[in-house]
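The following paragraphs guide a new reader through the structure shown below.

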Amino acid sequence: MKIAAEDITPVAFTVALFVLWEAACLLFRIDSFILPAPSQIFAAMVQYWGPLLRNSFVTLWTTAAGFLLAVAFGIGLGVVVGWSRAIYRGLYPVMIGFNSIPKVAVVPILIMWFGIGEIPAILTAFLISFFPIVVNVATGLATTEPELEDVLRALGASKLDIMRKVGIPRTGPYLFGALKVAITLAFVGAVVSETIGANAGLGHLMVQAGSNFQMPLVFAGLMALAIEGILMYAVFAVMEKRMVSWAFRSSMSAAG
Amino acid sequence: MIRLHDVTLSYRGRAGEVTALAHTSLAVGKGEFAAVVGPSGCGKSTLMKLVTGLIRPTKGKVEVDGAEVTGPVKIAGMAFQAANLLPWRSVLDNVMLPLEIVAPHRGRLGRERDAYRTRALDLLGVVGLRDFADRYPWEMSGGMQQRASLCRSLIHEPELLMLDEPFAALDAFTREELWVVLRDLWQRLGFTVVLVTHDLREAGFLADTIHVMSARPGQIVETRRVAFPRPRPLDVLYDPAFTDLVHSLRNKIAEVRQA
């Protein structure tokens with residue numbers, strides 16, 4: 001397989017960014033306490049790889065648990081909301097209201113209820129990420145072509161038949177689009193909760209490193225977060241391509 | 001096969017009460033090919049929904065196959081201007097979709113999958129799509145999608161085929177090709193057709209009877225029998241008598257649009 005220029009550019013840009021960063025730190029003699037150079041960050045990553053890996057794993061599993069809850073709940077609620085216009089109209093404002101609460105504000109409450117630990121992180125990840133799933137599933141269902149619905153209803157199809165044969169497969173692209181957003185949000189939720197009150201996780205590690213003035217380690221934590229975030233996004237991007245490939249290819253049929 | 005007795009349909013629109021159809025009576029015999037023509041917005045699509053039982057008349061009575069329509073009639077197949085094929089299913093699976101829903105077939109489909117598959121492939125063969133059965137809708141042209149859509153509306157062997165401007169979005173040559181396809185399917189299978197269209201040549205070429213509707217509120221203002229012998233070749237389109245028919249229909253529609 002030939003490697004196209006397009007495949008190299010992301011790597012090239014990342015490397016260039018690090019080189020610029022390193023150069024800037026050297027050139028302007030920036031104190032490593034303000035902004036550590038990439039070389040120092042990588043050194044910290046090598047030195048603390050044990051704790052970094054352990055805490056990354058905690059963040060990963062709280063994110064995943066919160067996200068899975070959000071997927072199950074989000075699809076369920078999305079189907080209910082998309083089922084009929086009346087429910088859609090009734091529930092939508094409630095959900096908008098709920099979604100507009102900054103979830104950071106909820107974390108202290110969760111900590112009061114469940115104590116410091118992994119449960120608040122899981123719940124924050126869940127609360128922050130279910131909304132886009134609900135909205136997208138509901139939208140996918142609500143925008144089923146009326147003619148197609150007529151065709152099936154004239155055949156004697158029940159609402160359930162229409163949902164199973166048309167509505168739910170049709171939400172696929174909407175759902176996977178939402179999953180990519182939701183996994184990133186869940187990650188944000190978990191880390192935010194960990195920085196406020198937890199005894200493990202990358203957020204917790206960074207807060208601790210910060211209070212010990214270990215800036216390279218704080219940045220090493222950031223780097224670990226970035227890597228983890230990209231990996232999770234990539235997993236869902238690949239899944240999306242696999243599962244709903246028709247949605248990508250059908251855009252090319254516009255000419256037909 | 002289809003009878004409308006003095007049917008009125010009105011609904012509450014944004015600007016108050018809208019009467020889509022007023023005191024309409026219509027009869028279509030078994031096996032007949034009926035066309036409904038008229039200016040846009042004359043309630044032709046409403047008529048389709050009434051006959052298939054998707055909506056109920058405000059006044060009057062709709063009968064299909066001797067029984068009053070009170071809910072969706074299950075003996076109808078439908079096709080619209082947009083082919084509306086499901087992009088995640090292959091052409092064959094799209095055509096077989098009604099079999100997964102219509103009563104006697106949905107129970108048998110699991111056991112007799114191969115027999116039904118053969119039937120779907122045969123039908124696709126009639127419209128010239130046999131080699132495209134495993135393709136996806138978005139890999140095909142508009143005309144091919146519309147052929148597949150016709151197959152989907154016929155796979156469960158409905159006694160009644162309802163077509164709502166099925167060829168309106170196609171170019172002139174493809175449209176004529178599909179007229180021939182529809183003509184042949186109808187002559188082969190002998191179902192009853194109601195074709196809603198505003199293409200007068202299409203109505204004249206295909207139909208036994210043409211019903212002309214007036215602008216809103218819709219009403220059937222004229223019914224005309226088309227006498228050209230069957231099977232009709234495409235050449236009939238260039239027959240002086242055919243031109244006269246289209247011309248007089250055209251005048252009639254111009255007249256009702258003025259009113």
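In this predicted model, Glu157(B) has a relative accessible area of 55% and is therefore exposed. This residue belongs to the loop between α5 (142-154) and β7 (160-164) of chain B. Most residues other than glycine have a negative phi, and most peptide bonds are trans. Asn84(B) likewise has a positive phi, near 55°, without being a glycine. It is located in the loop between β6 and α2 (91-95) of chain B. Is Asn84(B) buried or exposed? With a relative accessible area of 14%, Asn84(B) is buried, because the limit for that class is under 20%. The backbone of chain B also contains a cis peptide bond, which joins Arg230(B) and Pro231(B) with omega at about -10°. Pro231(B) sits in the loop between β10 and α8 of chain B.

The strands named so far lead to a sheet. Strands of a sheet pair through backbone hydrogen bonds, either parallel or antiparallel. In chain B, six strands make up an open sheet with mixed pairing, in the order β6-β7-β8-β3-β9-β10. At its edges are β6 (76-80) and β10 (220-225) of chain B, each of which pairs on one side only. On average, neighbouring strands of this sheet are turned by 15° against each other, direction ignored. Within the sheet, strand β3 (residues 33-37) and strand β8 (residues 192-197) of chain B pair in the parallel sense, over five bridges. Val37(B) has Thr197(B) as its bridge partner in β8(B). Helix α8 (residues 240-258) of chain B lies across β3, β9 (209-213) and β10 of chain B, and runs at about 175° to β10(B).

Attention now turns to chain A. The UniProt record, an unreviewed entry, places the feature "transmembrane region" at residues 12-30, 58-83, 90-116, 122-143, 173-193 and 213-239 of chain A. Residues 12-30 of chain A are 84% helix and 0% strand, with end C-alpha atoms 25 Å apart. For residues 213-239 of chain A, the corresponding values are 93% helix and 0% strand, and the end C-alpha atoms lie 41 Å apart.

A pair of aromatic rings is described by the distance of the centres and the angle of the planes. Over all chains, the structure holds 15 aromatic pairs. In one of them, the ring centres of Phe33(A) and Phe213(A) are 5.8 Å apart and the planes stand at 50°, so this pair is tilted. The pair links distant parts of the chain, 180 residues apart: Phe33(A) is in the loop between α1 (5-27) and α2 (38-47) of chain A, and Phe213(A) is in the loop between α9 (202-211) and α10 (215-243) of chain A. Phe33(A) is partly exposed at 41% relative accessibility, whereas Phe213(A), at 59%, is exposed.

What arrangement do the rings of Tyr88(A) and Tyr92(A) have? Their centres are 5.2 Å apart and their planes are at 20°, so the pair is stacked. Tyr88(A) and Tyr92(A) are four residues apart in helix α4 (residues 85-99) of chain A, and so are separated by about one helical turn. Tyr92(A) is partly exposed, its relative accessible area being 26%. Elsewhere, Phe18(A), Trp21(A), Phe42(A) and Phe219(A) form one aromatic cluster. Finally, Lys103(A) lies over the face of Phe98(A), at 5.2 Å from the ring centre.

Methods:
Residues numbered from 1 in each chain as written. Chains lettered and ligands numbered in written order. Predicted model: local features only at pLDDT ≥ 70, side-chain atom pairs only at ≥ 80, totals over all residues. Heavy atoms only, no water. Phe/Tyr/Trp six-rings, centres within 6.5 Å; stacked < 30°, edge-to-face > 60°. Helix = DSSP H or I, 4+ residues; strand = E, 2+ residues; numbered from the N terminus. Buried < 20%, exposed > 50% of the residue type's maximum accessible area, 1.4 Å probe, protein only. Lys NZ or Arg CZ within 6 Å of the ring centre and 35° of its normal. UniProt positions renumbered as here; feature names shortened; annotations may be inferred. Pairing = 2+ DSSP bridges. Axes fitted to C-alpha atoms, helices over the stretch in contact; angles between N-to-C directions. Contact = heavy atoms within 4.5 Å.
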